[in-house]
Amino acid sequence: MSDIQYVAVIGAGTMGNGIAHVLGKYGLHVTLCDSDRGALDRALATIENNLAREVAKAKLDQDGAHAARARITPTVKLDDAAPADLVIEAIPENRTLKQELFRRLDAMLQPEALIASNTSSISITELAAATSRPDRCLGLHFMNPVPIMRLVELIRGLATSDLTAARAQQLVHRIDKTPVEVRDFPGFVSNRVLMPMINEAIFCVLEGVGKPEAIDEIMKLGMAHPMGPLALADFIGLDTCLNIMEVMHQGLGDPKFRPCPLLRSMVAAGWLGRKSGRGFYSY
Ligand code: NAD
């Protein structure tokens with residue numbers, strides 16, 4: 001059993017609600033914190049729906065679903081995270097916001113508590129440098145949708161200690177996921193490999209090589225991808241895809257990571273994919 005029993009998840013959006021769901025399901029006590037009360041209400045409704053779906057598919061019994069939900073306590077007050085053994089932040093992909101949150105958490109948590117970021121691309125070393133405990137900071141990059149995807153990319157910042165990595169690995173195994181450890185470089189491994197493929201698919205649309213449906217069909221039938229790259233971009237959010245490309249372009253300094261101009265203009269138009277109702281497809 002992991003020494004981590006009590007986890008605070010900060011940010012109850014797409015990722016935060018999924019992370020709270022799996023932690024609660026596997027017996028951890030969770031404080032789910034969001035500064036927006038409406039986001040918190042939506043997150044709890046999503047968690048209840050997703051737990052009910054697992055019951056309907058006989059992956060979980062009714063008592064297990066009730067117990068999972070009962071272990072999750074929502075709050076709008078960050079201070080309620082103070083007793084946590086581990087905090088996982090899933091607030092928006094913005095360096096300044098995340099650094100400020102790391103600083104506040106460092107000041108209020110117990111000395112041995114760990115601080116993890118679910119960032120898709122921001123440097124863990126830089127976030128950790130905002131604290132007095134860089135050895136107890138790390139990246140825990142869950143995949144979307146969290147209740148379904150098995151991988152957690154475990155990112156070690158320059159100062160992350162062996163003990164921190166071992167404690168986090170133990171936790172990830174406890175929630176029935178597989179940690180894969182990588183070093184702290186822009187985009188880590190998952191997005192460094194995935195996003196250029198999505199970006200290239202967008203160039204294919206821009207250059208008229210194929211329609212979105214054709215490009216996605218080729219990657220599904222030809223490469224056995226469960227979802228085409230453009231449908232996946234709509235699912236992730238085109239703003240998130242653009243942010244990640246920008247971080248890799250700046251951080252790695254290689255022109256091969258330049259975001260496609262069509263991606264930029266779609267984001268500027270507010271066509272963000274599923275969440276805005278329009279991206280490469282209509283929803
Ligand atoms: P989201 O916009 O769906 O949710 C973010 C939530 O954080 C919102 O509910 C917002 O109200 C809340 N929030 C903002 N500032 C806050 C603060 N200071 N304190 C408390 N709550 C605050 O975002 P998301 O898609 O869940 O992404 C969260 C993180 O996970 C990002 O770093 C993102 O890069 C990463 N990520 C996203 C995906 C994905 O597919 N969406 C996949 C892997 C990782």
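Predicted model: local features only at pLDDT ≥ 70, side-chain atom pairs only at ≥ 80, totals over all residues.
The crossing in which α2 passes α3 is right-handed. Between α2 and α3 sits a loop that holds A58. The backbone does something worth a look here: A58 has a positive phi of about 60°, even though A58 is not a glycine. For context, most residues other than glycine have a negative phi.

Helix α7 (residues 190-206) and helix α10 (residues 238-252) have axes that come within 10 Å and cross at roughly 115°. That angle makes α7 roughly perpendicular to α10, given that the range for this label is 65 to 115 degrees. As for handedness, α7 passes α10 in a left-handed crossing.

Now for the ligand. Its surroundings are made up of 20 residues, and the closest of these are M15, D34, E93, K98 and S120. Sorted by class, the shell contains seven nonpolar, nine polar and four charged residues. Several polar atoms of the protein sit by the ligand. On the side-chain side, an N or O atom of S120 is 2.6 Å from a ligand oxygen. On its own the ligand has 830 Å² of accessible area, and the protein covers 79% of that. As for secondary structure, the elements that give two or more residues to the shell are α1 (14-25) and β6 (137-142).

The loop between β6 and β7 (151-156) contains P145, and the peptide bond that joins N144 to P145 is cis, with omega at about 0°. Again for context, most peptide bonds are trans. Put together, the backbone features picked out here are the positive phi of A58 and the cis bond between N144 and P145, with A58 placed in the α2-α3 loop and P145 in the β6-β7 loop.

Note on methods. Residues numbered from 1 in each chain as written. Heavy atoms only, no water. Near = heavy atom within 4 Å. Polar contact = N/O pair within 3.5 Å; in protein donor to acceptor, adjacent residues only side chain to side chain. Areas by Shrake-Rupley, 256 points an atom, 1.4 Å probe, with all protein chains shown as cover. Helix = DSSP H or I, 4+ residues; strand = E, 2+ residues; numbered from the N terminus. Nonpolar A, V, L, I, M, F, W, Y, C, P; charged D, E, K, R; others polar. Left-handed = near helix turned anticlockwise from the far one by under 90°. Axes fitted to C-alpha atoms, helices over the stretch in contact; angles between N-to-C directions. Parallel < 35°, antiparallel > 145°, perpendicular 65-115°, else oblique.
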